[in-house]
Amino acid sequence: MQIPIEYYLILSAFMFSVGIVGVLTRRNAIVVFMSVELMLNSANLTLITFSSYLGDATGQLFVFFVMAVAAAEAAVGLAIIIAIFRNKLTVNIDEINILKW
Amino acid sequence: MIHLIYLTVLFPLFGFLFNGILGPKIKNEKVIGIIGSGTIGIAFIIAVGALFETLALPVDQRLTIITLFQWIDVAGLNIHFAYQVDQLSLVMSLVVTGVGFIIHVYSIGYMHGDKSFWRFFTYLNLFIFAMMNLILADNFLLLFLGWEGVGLCSYLLIGFWYDRKFEKSTTASAGLKAFIVNRIGDFGFLLGMFLIYSTFGSLIFTDVFSRALSFNVPEHIFTLIAIFLFIGATGKSAQIPLLVWLPDAMAGPTPVSALIHAATMVTAGVYMVARCSIIYASAPTAMMVVAVIGVFTAFFAATIGLVQNDIKKVLAYSTISQLGYMFLALGAGAFSAGIFHVMTHAFFKALLFLGAGSVIHSMHDVQDIRHYGGLKKYMPITYGTFLVAATAISGIPPLSGFFSKDEILWYSYANLGIVFWLIGVITALLTAFYMFRLYFLTFEGKEKFDSHKTHPHESPKLMTVPLIALGVLSAIGGFIGIPEIFSGDHGNLFHTWLAPVFKSAEIKLMNIGSHSHFEEILFMAISIVAGVAGIYYAWYAYLKKPAVADKTASRFKGAYNILLNKYFLDEAYEASVVNPIVKGSENILWKIADNRIIDGTINNLAKLVDNISGTIKKIQTGVAQSYALVMILGVLIALLWLIISYS
Amino acid sequence: MEQSYLLTYLLAIPLIGSLLLIFINKEKEQLVKYFGLAVSLIAFVISLIIYFGFDNQSGDFQFVEKFNWVRGLNISYHVGVDGLSMLLILLTTFLTPLTLLSSWNGIKKRVKEFTFFMLILELGMLGVFVSLDMFLFYVFWEAMLIPMYFIIGIWGYDRRIYASIKFFIYTMAGSLLMLVAIIWLVVYSANILGGFTTNLLDLYKTGPTIDKSIQGFLFLAFALSFAIKVPIFPFHTWLPDAHVEAPTAGSVILAGVLLKMGTYGFLRFNLPLFPQASLDYAVLISVLAVIGIIYGALVAMVQTDMKKLVAYSSVSHLGFVILGIFALNQESVQGAVIQMINHGLSTGALFLLVGMIYERTHTRKISDYGGIAKIVPFFSFALLFTSLSSIGLPGLNGFIGEFLILIGAFKSTVLNSWWFTVFAATGVIFAAVYLLWMYKKVVFGEVTNHNLDSITDLNLREKLVLIPIFVFIVWIGIYPSTFLNVSSKTSEKIIKLVTSPQNQIELGKVDAPK
């Protein structure tokens, strides 16, 4: 028996929403960062779902792109967070608001 | 030599360039003086040659135009550097180069030892250059070049001793005043030229004047042209209302006053009006204006001259007054009489100024006549020539001034009416009075200077010879214009000579008065009596009973003060014209209009943009999460809109 | 005719010169100065070659070169000169070496950068005058602001930052409206011509066909940009600030050439592109011009700073030029063209002189001077001579321009009123007042400020800067035909285009022939 496509999509949407809420509400930059990863993964899940549903490998191919980009982003992002922490001794993003007028 | 007439312009130019460029290096007064006056002398010789050559020509062919090169050529405006030799310009050239030469020679003596000797001759030569352009020009534009050029030289020469004080102010201020007042006149002259060009399509004399006869131009256009040009003339010739600069012009060295502010430049206005006789003849209203301004200026200036104590000031007001006579003549349609007076006036007024210069020279720059007296025995030549000139200007026959002045008075009666004549005669009386007041206070009576400190002496030959030359001219210069009633069949020589120039204007005026010879002789006698009466009263009040003068002055203290202060004309102009413009420009235009309103608008506009940006920039909080929230809200709204619009 | 590349050479010389300059060691200031001077002199020689090859009898564009640049949009590198631009090119290449020579000692810091910007500036100015493509023109028009911005901002006096930003933003803001109008015009023309083009010669054909009401807007958009540049009252307030704060060389170029771009723009673009609107607005702009003449003169009269005085006098003088342009007849337009040159020479020389005396005394306040005639005679003579040229003494250059403009305006059928001339002519009086008044206060009188006792008269270098200008001042005054002939045919063409009977009929100024 095949699990209906809706289940996958609902899961993916749920994960995405969790990610959004995480990005918007958490203070810790690391957690925000993880929420972003969650959103990316939900997108990956959607890609894979459609790929297998439509029998087209392109979607799975793109997942690899996304994972590669996510990895690169994680590397740069974490590096920035470390740099900020060394400067400000905090990763609380409420306090990191130097990027204004 | 007619065809070499341009050399009368180029020689002074050469002198100007030579002295101007090499003068400071040569430093030798002899070389500079010889070059400076020699060039003028040569110009004079050429002018004399041209005169004789012209005399040999038939009367109707006495107009030659010498074209040098093109100046401006735009559309219909085609102007050349071209010189017109005719009876009128020859008379003027002879006066300018002749009297000019004499004064140049005099200046070598007068300016001896001045640290800027070279500069003086540079300016003088430039002046003659400009003046010759003015006189010989065959078109209005070249005339204007000379017109402004002489104004420039006047400016430079009045302020020649630029570091000296003059009365309440400085010589430089006096020069500036002269230039600016002249510019106001030139403004009128320019407008006149524009109107001539747009009416007749040319600025060349021969074209304009022939078209003035043939074109059907409404009279009010002629009147406007004439009035505009006359405004120019009032500036240059110091007539009401632009006369204020000439008394101040006395700040310059005395030879300058003689040459520029008496003999030549100030008569440029008279020359110009005479040159445009046909235009004035076509505009009776303008003629009337000229006559009224002329006679009024003559009287007005003479009254001021009565009480002045500075020897040069008296002469300055006398000049203004005599210029008024000339305009009276022009306004009466007696153009050649006006030019005749220009000539005789050049002789005796230049002589008066040079004589005054000689006195000032020997009195160590004291100019107040109350501190002179009894100079007769110290400087006989100056005394003699001065007396000749003073008698000439007072209109005593047979000296030159008598003939020219009497002719003017006669025409003012014949063509304008008894009122003009009467004011003219009263002015003649005043003239005789103040000239002899000056003469008696200076040369006769008691010595009022400290004879231990001051040792008056006769001036050197370089100065006295010119005085004698001018003295001779003042004495006999009038004989070429003996009135018809005395000379019989020959007629008035001067008049006949100039007649072709003014022929068309005189035909247009048709005012050959039908008055009897008896009337003419009667009026002549009255004017002689007026002159003698003036001299007598001066003798009575200043020599016979010196107390009379002071008593009169104190009795009419108010009037005396008004006259002494020149009717407060300077102060009136200062308060009504100069101050409002300067203060208005500074306080309203610059500080309020420019800085606050115009620039303020621009700066406030910039500030407004700055303020708005300053307000909206606060949206950029720098908190990444709020940016994300806004973004997500945006996405949600977009999604919602998609869903709604699809369903 | 054989293809000539002279204009490209002319543009290339300052460009290559400035690029080569980058490779010169900046410590070698003397070398940098001589190099800059040499480059600008070569450009002058090339412009002279162009002048001698120029045919006065033709009103068309000459030395035309055209290469495709942006193929898709049909934008091309299209250059050429006619009588109008010929004179302005000569003025530019003539003044640039003189200004470089004049700032020999005045510029003490960053000499290399200064020379670099001056050369780039020359490129920009020449580019504006030779462009025959709207796009190319606009590029040069805007690009030229940048070097000027730096010249004022780096080498200027105390308030240089304020002045340079004001100058930059003010002119830039004006240009943007012009850009909009250019785009409108080009798109409109594309519909008519059936293809996109920014070629000015093509636009000349389509511009006059634009509907009257829209033409008015386009005219105003262009006019605003040029009016700010000229500057026409009331858009002039950037000028005194920029002039006062700029170094001498900057002021000279600003007054001498940059302001002429505005007047050039009117003649090159506004009149031929929008002839009907030009006739419509001629009176309005002439009124502003006359206000500018009097206003500029009156405000100049009460200035206490010499440079500011000269700056305001520019407002007055440029008013004459604008009046001449919009009086729209041969006399007035020719007068305007010659007056552009005159103003470049006379006001340029005035700025040079003020700069020279400033280098000695470090003050520009008029009241700090007095009686310097004795101390610096040649300077005094030069200042007098230049002032006289500026106040329009007959026999010197200023008179020719002012006289032609006034006489043209007087008989102008477009303006159709004497009052323009009457009021404008009062500017001639005021010019004498403010300049000679300043002259009196600075040069005449007794020396009261004894700091002045030790200053030296102009040296050979400074005389070398001034004398060429003086030669032209006299030349134009005595024999202006040399210059008037160059632009004669071009002026005639422009006037004919604008005042052709057809235009006037449409405006109802002339009755249609029956």
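1. Chain A of this predicted model has three helices and zero strands, where helices (H or I, at least four residues) and strands (E, at least two) are DSSP runs numbered from the N terminus. Read along the sequence, the pattern of chain A is α-α-α. Its radius of gyration, taken over C-alpha atoms, is 17 Å, whereas a compact globule of 101 residues would have one near 13 Å; the globule rule behind that figure is 2.2 Å times the number of residues to the power 0.38. Along the principal axes, the C-alpha atoms of chain A fill a box of roughly 55 × 25 × 25 Å.

2. On conventions, residues are numbered from 1 along each chain as its sequence is written, while chains are lettered from A and ligands numbered from 1 in the order in which they are written. Because the model is predicted, local features need pLDDT of at least 70 and side-chain atom pairs count only at pLDDT 80 or more, whereas totals for chains, interfaces and linings use all residues.

3. Chain C comes to 20 helices and two strands. The radius of gyration of chain C is 22 Å, close to the 24 Å that the globule rule gives for 514 residues, so chain C is as compact as a globular protein of that length. The box filled by the C-alpha atoms of chain C, again along the principal axes, is roughly 75 × 55 × 40 Å.

4. Among the two pairs of chains that touch, chains B and C have the most contacts, two residues being in contact if their C-beta atoms, placed from the backbone, lie within 7 Å. In that interface 40 residues of chain C are in contact with 37 residues of chain B. On the chain C side, helices H12 (275-301), H14 (330-361), H16 (397-411), H17 (419-443) and H19 (481-499) each supply at least two residues, and the largest share, eleven residues, comes from H17(C). The residues of this side of chain C divide into 26 nonpolar, nine polar and five charged, with Ala, Val, Leu, Ile, Met, Phe, Trp, Tyr, Cys and Pro counted as nonpolar, Asp, Glu, Lys and Arg as charged, and the others, Gly among them, as polar.

5. The contact between chains B and A takes ten residues from each chain. The side of chain B that touches chain A has five nonpolar, four polar and one charged residues. Chain A and chain C do not touch, and their nearest C-alpha atoms are 21 Å apart.

6. Chain B is divided into domain 1 (1-138), domain 2 (139-564) and domain 3 (571-646), with bounds that come from an automatic or database domain assignment. The centres of domains 1 and 2 of chain B, taken over C-alpha atoms, are separated by 23 Å, and 38 residues of domain 1 are in contact with 49 residues of domain 2. Strand E2 (77-85), helix H3 (87-110) and helix H4 (117-136) of chain B each supply at least two residues of the domain 1 side, to which H3(B) gives the most, with 16 residues. By class, that side has 27 nonpolar, seven polar and four charged residues.

7. Within chain B, the axes of helix H5 (residues 140-158) and helix H6 (residues 171-200) come within 8 Å and cross at roughly 170 degrees; axes are lines fitted to C-alpha atoms, for helices over the stretch in contact, and angles run from 0 to 180 degrees between N-to-C directions. That makes H5(B) roughly antiparallel to H6(B), since angles under 35 degrees count as roughly parallel, over 145 as roughly antiparallel, 65 to 115 as roughly perpendicular and the rest as oblique. The contact includes Phe140(B), Phe144(B) and Trp147(B) of H5(B) and Phe179(B), Phe189(B) and Met193(B) of H6(B), and its residues divide into eleven nonpolar, five polar and two charged.

8. In chain C, helix H6 (residues 145-155) and H7(C) pack at an angle of about 165 degrees with their axes 8 Å apart, and are therefore roughly antiparallel to each other. The contact of H6(C) with H7(C) divides into eight nonpolar, three polar and one charged residues.

9. Helix H7 (residues 160-193) of chain C also meets helix H10 (residues 238-245) of chain C, their axes coming within 9 Å and crossing at roughly 135 degrees, so that H7(C) and H10(C) are oblique to each other. Among the residues making this contact are Arg160(C) and Lys166(C) of H7(C) and Asp241(C) and Glu245(C) of H10(C); by class, the contact has six nonpolar, no polar and four charged residues.
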